[in-house]
Structures are given as structure tokens and as C-alpha cells.
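Hi,

Here is the structure I promised to pass on to you. Have a look at it first, and then read my notes below.

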Amino acid sequence: MHIPDGYLSPSTCATLYAAACASWYAALKRIKRSIGGRTIPLISVFAAFCFVVMMFNIPLPGGTTGHAVGVAVAAIVLGPWASVLALSITITIQALFFGDGGITTLGANCFNMAVVGSFVAYGVYRLIAARSDVSSQRRTIAAAIAGYVAINASALLASVEFGIQPLLFHDSTGTPLYAPYPLRVAIPAMMIGHLTFAGLAEAVLSAGMIAYLQHANVGLLRQSQSASASTSTSRLWWVIAVLMLLTPLGILAAGTAWGEWTARDLANSHASPVIEAASKSQLPPGSVPAGIERLSTIWTAPFPAYAPTFIKLPSDIRCRPCLVSACVRCCRWQAPPFFASAGSRTREPYQLHRENAQPLRASDGESARI
Amino acid sequence: MNLAFELKNVKFDYEGIPAVQGLSMQIAQGERIVLLGANGSGKSTLLRLLDGLCFPTAGSLEFAGRQLTEKSLQNETSAFEFRRRVGLVFQNPDVQLFNPTVFDEVAYGPLQLGWSREEVLRRVDEMLAFMSLANIKDRPPFRLSGGEKKKVALASVLVLDPEVLLLDEPTATLDPRSQSQIVDLIQQWKGTAKTVITATHQLEIVEDIADRLFVLEAGSVIASGTPHEILSNGELLLRANLVHAHRHSHGGVVHSHPHLHGHSHHDHDHEH
Amino acid sequence: MAKALVSERTAAKPGLLQALDPRVRLIGLLVLVISVILCRRLEAIAALWLLAVVIAIASRVSMATLALRVWLLVFVFTGLIAFPAIFLTPGDAILSFANLSASAQGLRTAALLILRVETAATLTTILVLCTPWTHILKSLRNLGVPVEVIAILAMTHRYIFLLVDTASQMFEARQSRAIGRVNTSEQRNLTSRTAGVLLGKSIELSHEVYAAMVSRGFRGEVRLLTDFRMRFRDYCALAIFFCAAGFAVWMGR
């Protein structure tokens, strides 16, 4: 799922970098506030751990194997914000040092896997595990489902990013400039592999590790759950967050939003059939009504059609998706409280006073310390 | 006599399990002490208590006449002063080598304590030369051998020139040559103002590096004295799980005695 | 892991890139990668690829390494992904057999994709081969990345090798104890348990490392030693990088 350089256009990369940077900034602020210097070695080691996990080949039912990411485990044990950082670090090292994933697409990869993956995993886990006992089987199942959903959410986002490339970025002859497959090809192509192998691998790994922790180090799970139980308002924020993430799909809605035409649209002869079709076969007026004409020049928006000018949109799709406008309003008013409430618990999970800590007893007697 | 450390009835519990129980001891400046004990006897915990990495749940611990508590280390100046004056070399060098290269590792302590750039560079180069590590100063830790790692770990603590050096199993897992190098180093400090407290279970090196011994078992001191006194006390060593019992039989009679090296002769009369 | 070794060897050679300040290398090559993404014409991207090869040769990077590690791999993987696009992209058909027709647009898009990925990967690989990891980190610090992130990056990189070793030892230990075939569900259990043990050790390790850091004076603030100085040739090189990138983008618009 690591997207290499060259598959995404500059504007897509820039947008996703912006989203990733905002998340990193928020995560750093939050981490500094809650635990301080202790988190540095913890996140580092977890990031190294996720790196190693991504190298494992997990045997799956049916004789195949898959690769997991470890995002659910990280989100459950560390919490979503620290998990964002840990996974972003892993992805950065993979890109810089091992050539897995591109540099211009680092923002995209981090956003897909580290940010969206962590929050989806955490949200699903809390939703399903709710207030059940830390060592109950429900938690294991919750972890499995969380991992499965998170991986597929990341994959879906990546496939959407791929799929909108030929739509938005092609040259005058129609040649796609970046990823060449439209949504109807990109989404199934990516999702099939993830709905089966990768998703299963992640589910197996997440369940296995949470079960192991329940058996060998319940204290760790308890500490990460000592954060306040999710309230009904934070669930609402999760729902809104998911909606926000899905809003770019609105760009692809064909046709127009009824009643939102400008004077230019009404004067455009090509637009008449579209308007007629949207208006229960009622023909639009032959010429622009005088009132609309007069008031249409009062204000010129800097971003007409919700797109900066460097994104050249195919001219036969008018971009006034209602969802996008809802998204913008949502972002303006609700983003700050959302980010504030989602992580406002304090945690002190990791004490320094550990000495002769009993090596975690693996069931086959491994106790070699590293 | 200046006391480096004074412990009065120190107790430390870890998650309800007592790791150190009612420990009292006095360590003078310039002494070379060895804490002798098997794994799990509490010697590593004690070293951490002495380094201010964890604090007693009961009792008092004083360093250079002042109480060592969490609060006393909260102030930056006093914390930095303490960290410079007391240095701990961990048992597992991988834990202590967390920087990308050997040079960075040795420079870490001075940088953290806020020394100037020139001072840091000068001292690090000196220390690397002193420990013969200059030719590997740009190497990353995963490319070092066990002996090299231990030397780098030691160098990274010595660069601060601490008054008190705490060593946790410094020669464990080392080959004989590296082991003797470390022992030589510790011997160099005999008679200087440096206080050296070593925790080990290896009896062979103890005589060379100790002026005084404490034997620990299950978090308490069960004996203390000079190396000669302790090392010739076979029963004590057996009890503390520092030696094994050697059994041999002659004509139906089984003799059992602690397996010591050159510290006691076992005369026994036996009849055939 | 072998990649790490190659990097140190190449980074020590006296080449073009090695003579430049690491920050200039980082910015310069990144700017070129960005221009690869901005170009819209095959010819411009091809020119950038040639430039990358020239830089590689001047920096004593082994062509064999590049060819095997980058060019071949990218060609195979990206080629596989891009191949269907030749037939699926609508446009002017130039070749048809059976029900499939290859379009000119399809060929162009596949070529664009492959060439872009090749060039970007070449540039990134050259950067990593010619620059020691610590220099990359310190350059990033100089360019404004927060110091905590640098500390985490450095520590993660260092501990990846340790954890990989531990994990492979654990797997080997299991292999040597296994008698006969192990069925998949047992293997699955084994893998999750190995992962679990590894996780436990990782967390244990992080506590110990924190203690080691505190023991040497860490109080939450990371301090690094950076000692890069820009010289005249560094500024020149930087200017050249920007000009080359700008020219390519302009030509390829």
C-alpha cells in the first residue's frame, strides 16, 4: 500500500502532505502535553516494531500469506495520536532508507496508513470493545475487526487517490498523466487484495497480539484503556470525521445541484439539457432572468467551484457538490473542538520504576533479553 | 571521612513485590565496592536507586550528605549536577547505545548537560583516544562487537568524569581479553577519589576490583567484609548462590563442598 | 539490511555529491524529484533521468547497484501495473488483436508512469547511497523538522536492526525445534506469539532506554550536534539544482 513517486499528481501530493502535516503537528502537541520525554523511546521502539511486523509473512487460512501493518496494535496500545507518529516514522524510514514508498507521496502514505488507519482502528476498537473487561474475548474480536477495517479504510483511501488521477490530471489528448486507472478499475483492483489477504493478515495479527497481551501483560492493556471511556459525543465526532474523509467523492457527482446555477450556467446553451433533466423535464427560461443577472456580479469567489485554479476540471462536470460545502462548514466550526476532545485524556501508562522486570513469559520459555 | 552514599533501611517495591528490603549501608568516597549476588538478588535495583532512576518506597538515601528524592532532582541545575557526578553503566549495552554512531553516543551526555560545542568535541575526542575507540567513531552500534559495545558504553559515561561510577555486570558475556581490559581500568582507580560500585556475580574478578564486598540475597545484605573474608567463606557463597556445590564420592562416602577456586583447601579424611 | 552496508561504502567515496553539503544534496535531489512529478512531457522526464544517471556516475555510484536495485525492480513492478493501462485507456487505437486495442494514449500513460517512477526512485536512491543516515537526519533538523522527530527517527532506525535480529533469532529457534510439518493454523499462532513476545520486549526495551537517557542527563529536550558549513561550491550546486529543475518543468509543461 506504499504509493511510490509518480503515481500521484503534485496537487494531490501537496493536499495530502498538508493533511499529514496538520495531523503530525496535532499529534506532537498532544504527546508533549501528556507524557513528555518518555514517549520518545516508546514511539521509537514501537515504530521499529511495526517495521519488523511489516516484514513478517503471516500464514492465512487457505494456504496463502499476507502482510500486516500493525496499525491496530499500535493504536490500541499507544493510543491514536502516538500511533500516528509511530507509523509515520516507520513509513518515513521505509521510504528514505529502503525505497519502499515515494518521498513526494510520503504525506499521502502517512495520511492513509498512519493517520486514517490509526484513528479508524482505534475508533472501531473502542466502539466494539466498549466497556468490556480487559481480558475478555470481546476485546480480541474487537481488535481483529479494528485491524481489518483500518487496513481496508487505508486501502480505500489510497485507491480513491489513484482513481481520481486520470479524471483530474490528463493532458489535452486525454492521456492520464499519473496513475492511469479510473475509480471503477482502481477501487476493485486495490480492494480485492486488501479485503482478502491483507485485511485478514491484519485481523489475525491484531487478534493474536491482543490475546497475547491479555495473557502475558494485562497491565499494559489496562493502562492504555485507563483513558476515559468514549462518550457519546466523541462517537459523533468519529462519524463526522468519516464523513469528512468521504467528501472528496462529491467531486465526482455527475450532474448539477438543483437551483445552484449561476447566470452563466443559465445563459449556456450546453447546460440547458442538464438543467431540464434535473428539473423534471421543465425547460429553463430562454434568457437569464434580469434579477439573477443583476445580482450575479456582486461577489466573485476566489475558489469558484471549490477548486483552486491549478486543478483543471473536465468541463462537462460542474462541481458544486453539496457534501463538499457541508464539509467546508464542518471543518470551519467543528474541527478545533473535535481535535481537542478526541485526545484530552491524560495518561501515565509508563512508569520508570521497573527493575528486574520479569521477562514476559513466552509459552515456550524464551526469555533472552535483547 | 566523606560519605558518597548513605542508605538507611531502604525499601523498594516493584508492583507489590519487594526488590530491596531494609537495606542499610555506608559507602565512603574513593572506596571500591562490589555488590555480590546472584540474578534477582536486588543488586541491579540497588544500582538504579543509587543513580536516582527510581526512588525508595521507604527509608532514606543520601548522596554526598543530601537526600536523594524525586523532588530533589526536579530542579534542572541540581539534576544536571547529580547526573554529572554519578554515572551508571547498564548491564545490557544495547540499551545504552541508542545513538546512531559511536561518536554521537559518547557526545550525548555532554550535550545533554549543556556543555559548549568546542568542549564537547574536545572531551569526546579525548575519551575516544583514551579508550582506543577513535577508529570506529563513525560506526553504528549494530556493527560493533560485544566488547566494543561495552567499551563505548563505558566511554559514554566516563566522558562526564563522574565522581561515582556504578557498573552493572561490566564483564558479563565478554571474552577474556575484553574482560581483563575492563578490570584493568577499574584497578586504575584504586586510591583515587573515584568511588566505584560494581555489581557482579563473577567471583574471579572480585579480588582485583574491590576494597569491600557486600553479599546480597533476595534484596537484603547478608554479609559484608573484605574480599578475602567473604571469598573464603564457602558456606556463605553457597547460600547466596554464587558457587555451586561440588560433590564427589569415594567408596560409598559422598563429600560435598562449595566449589571455590584457590580460596580454600579441602582436607578430608576418608576411610576406604 | 545489506543496503545499509552499501550506503557506507558509497558515501565514503570521493564523488560529486559526496563533496557537497548534505543539506544541499537533500534539497537539490528533492527539488529534482518534485520537478519529475511536475513535468508533463516524456522528453523532459527522460532528460531528468539522464541527469540523474550523470550525477550517479560522477558520484561513483555503482551502475550495477542502480540497475539491479532500482531500474529492474521498478520496471518489473510498475510495468506490471501499467501494462493493462495500454489497453484500458480510451483513445486513438494504434494496434489491435483479439478484442483488445492498444491506444496511443495508453502507451504514453504507461511510459509516463514508468519513467516517472524510475527517475524519482533513481534520484532518491542516489541520495541515500551517497549520504550517511546521520547526515540525512541532521540536514532534516537544519531544515526545520522538530528535534523530537529527529530523535525518534534516529532511535527507530537504530532499533530496527536490533529487533530484526531478535525476531530472526526467535524464528530460527522455533524452526530448530519443529519436527515434521507445521500446519497453517499452528504457524499462524506461532507468528502471532512471536510478534507478541517481540512487542513485549520492545516495550521493555523502551523503558530501559528511557532510563539510560535520563541517567545521562535527558530531561525531555533533545540536543544535537550539527556541524555543517556551507561553502561557495555548495551555493553554486544549489543554484544549479534549482535551475535544472526549473528548466525541466518549463520544458515539460
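**Two domains in chain C**

In chain C, the C-alpha centres of domain 1 and domain 2 lie 34 Å apart. Domain 1 of chain C covers 8–131 + 229–251, and domain 2 of chain C covers 142–215; the bounds come from an automatic or database domain assignment.

Before you go further, please note that this is a predicted model, in which local features need pLDDT of at least 70, side-chain atom pairs count only at pLDDT 80 or more, and totals for chains, interfaces and linings use all residues. Residues are numbered from 1 along each chain as its sequence is written, while chains are lettered from A and ligands numbered from 1 in the order in which they are written.

**Where the chains touch**

Chain A gives 64 residues to its contact with chain C, and chain C gives 69 residues (two residues are in contact if their C-beta atoms, placed from the backbone, lie within 7 Å). On the chain A side, two or more residues each come from α1 (10–34), α2 (39–55), β1 (58–59), α4 (80–98) and α7 (183–216). Helices (H or I, at least four residues) and strands (E, at least two) are DSSP runs, numbered from the N terminus. The largest share on this side, 13 residues, is from α2(A). Sorted by class, the side of chain A that touches chain C has 44 nonpolar, 15 polar and 5 charged residues. Here Ala, Val, Leu, Ile, Met, Phe, Trp, Tyr, Cys and Pro count as nonpolar, Asp, Glu, Lys and Arg as charged, and the others, Gly among them, as polar.

The contact between chains B and C takes 27 residues from chain B and 21 residues from chain C. At least two residues each on the chain B side are supplied by α2 (76–85), α3 (93–96), α4 (102–112) and α5 (117–130), and α4(B) has the largest share with 6 residues. That side of chain B divides into 16 nonpolar, 5 polar and 6 charged residues.

**Strands in chain B**

Chain B has an open sheet of 6 strands in the order β6-β7-β8-β3-β9-β10, with mixed pairing (two strands pair if DSSP finds at least two bridges between them). From one strand to the next the twist averages 15°.

Strand β3 (residues 32–36) of chain B runs parallel to β9(B) over 4 bridges, and B:Ile33 has B:Arg212 as its bridge partner in β9(B). Strand β9 (residues 212–217) of chain B then pairs with β10(B) in the antiparallel sense over 5 bridges. Within that pair, B:Val215 stands opposite B:Ala223, and B:Leu216 is partnered with B:Val221. The two strands form a hairpin with 2 residues between them, where B:Ala218 in the turn has a positive phi of about 50°.

You will also find β1 (residues 3–14) and β2 (residues 17–28) of chain B paired in the antiparallel sense over 8 bridges, with B:Leu7 opposite B:Met25. This hairpin has 2 residues between the strands, and B:Glu15 takes a positive phi near 50°.

Happy browsing, and write back with any questions!

Notes: Axes fitted to C-alpha atoms, helices over the stretch in contact; angles between N-to-C directions.
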